[in-house]
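Subject: Structure handover

Hello,

Here is the structure for you to take over. Please look through it first; my notes on what was found follow below.

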Amino acid sequence: MNFHIMTLFPEMIQSSLSSSITGRAENKGYISFNAVNIRDYSNDLKHHKVDDYTYGGGAGMLMQAQPIYDCFIDIKNKIIQNGGKSPRVIYVTPQGSVFNQQKAQELSKEEDLVFLCGHYEGVDERVLEEIVTDYISIGDYVLTGGELPAMVMIDAISRLVPGVLNNDESALTESFHNNLLEYPQYSRPEEWMGKKVPPILLSGDHKKVDEWRLEQSIIRTKERRPDLYEKWLLENPPKPEKKKRRRRKAAEEPEVSGNVVADSNVDNKDGE
Ligand code: SAH
């Protein structure tokens, strides 16, 4: 998968993404980063100007349409020459829909993706209308430039590209998969600061471990992200009660309350 990033600060992008896991994946050829300097496409050959005052007044400078458009056309032509199709173009902007794991999944299926990083006050609306297919934000706050948001998205998308993570498993069990947060995890030693690793994780019983992890994921999501928990609940509606068995059980012994597992609504018995 090839990422093409239109930016005024290509060195910022190139150096960050070429380190760590994304850098390793680039070396192995699973992904590529192509940070292109918009300034190189300025028609102003003397000062390479790329911004100007906004019509109608107001503080700050705006990135002009022409250099961005020419930069995009060059990137697009190269993609097409290499046998690709006209790419999706993402303008990273606080005015976009908020990025999430689902969006990352969707975008990870593309062969080429173009990102446009704004700066200063933003970008002349006309070039956005001309080239942008997706407006995406990383959250409800305003940053100085689009480079960090583009890198956040590229990082999240990259790790979903097959081969990028060493262990394909990990992307499947992680937070936000199926609208659940990941369960707590532990490494050596077995005891640290008087805190023991939950014994079930040392039992070697994979089925029990899986059940425990699912329970913990549900408890954690309910506590920390009730909004996600509601979504999970909609997709995992309560199972019908096994009436006969429960009635007999109730007659034999009083129902235990306050049990974390029951409380976690694993079977959604309380139908919340
Ligand atoms: N005046 C603009 C904000 C400009 S911030 C407005 O009010 O909408 C400068 C650039 O930073 C933007 O063009 C955009 O590319 C980037 N940016 C800032 N905050 C962002 C966010 N939350 N998500 C994605 N990109 C952001």
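In which helix is the place of M12? M12 sits in helix 1, which covers residues 10–17. Please keep in mind that this is a predicted model.

M12 counts as partly exposed because its relative accessibility is 33%, and partly exposed is the class between under 20% (buried) and over 50% (exposed). Together with Y141, L143 and L148, M12 makes a nonpolar surface patch of about 370 Å².

Y141 also turns up at the ligand. The ligand is surrounded by 20 residues, and the closest of them are Y91, V92, Q95, E121 and Y141. A backbone N or O atom of Y141 is 2.8 Å from a nitrogen atom of the ligand. For I138, a backbone N or O atom lies 3.1 Å from a ligand nitrogen atom. G118 has a backbone N or O atom 3.0 Å from an oxygen atom of the ligand. On its own the ligand has 560 Å² of accessible area, and the protein covers 87% of that.

Last, the cysteines. How many disulfides does a search of the whole structure find? The search finds 0. A disulfide would be a covalent bond between the sulfur atoms of two cysteines. C71 counts as buried because its relative accessibility is 0%. C117 also counts as buried, because its relative accessibility is 1%.

Regards

Definitions and conventions:
Residues are numbered from 1 along each chain as its sequence is written. This is a predicted model: local features need pLDDT of at least 70, side-chain atom pairs count only at pLDDT 80 or more; totals for chains, interfaces and linings use all residues. Side-chain values use heavy atoms; hydrogens and water are left out. Patches are made of residues with over 30% relative accessible area and no salt bridge: like charges are joined within 9 Å, nonpolar side chains (Val, Leu, Ile, Met, Phe, Trp, Tyr) within 5 Å. Accessible areas come from the Shrake-Rupley method with a 1.4 Å probe; for residues, only the protein chains shown count as cover. A salt bridge is a side-chain nitrogen of Lys or Arg within 4 Å of a carboxyl oxygen of Asp or Glu. Helices (H or I, at least four residues) and strands (E, at least two) are DSSP runs, numbered from the N terminus. Buried means under 20% relative accessible area, exposed over 50%, partly exposed in between (1.4 Å probe, protein chains only). A residue is near a molecule or strand if one of its heavy atoms lies within 4 Å of it. A polar contact is a pair of N or O atoms within 3.5 Å; within protein, one must be able to donate a hydrogen and the other to accept it, and residues adjacent in sequence count only if both atoms are side-chain atoms. A disulfide is a pair of cysteine sulfur atoms within 2.5 Å.
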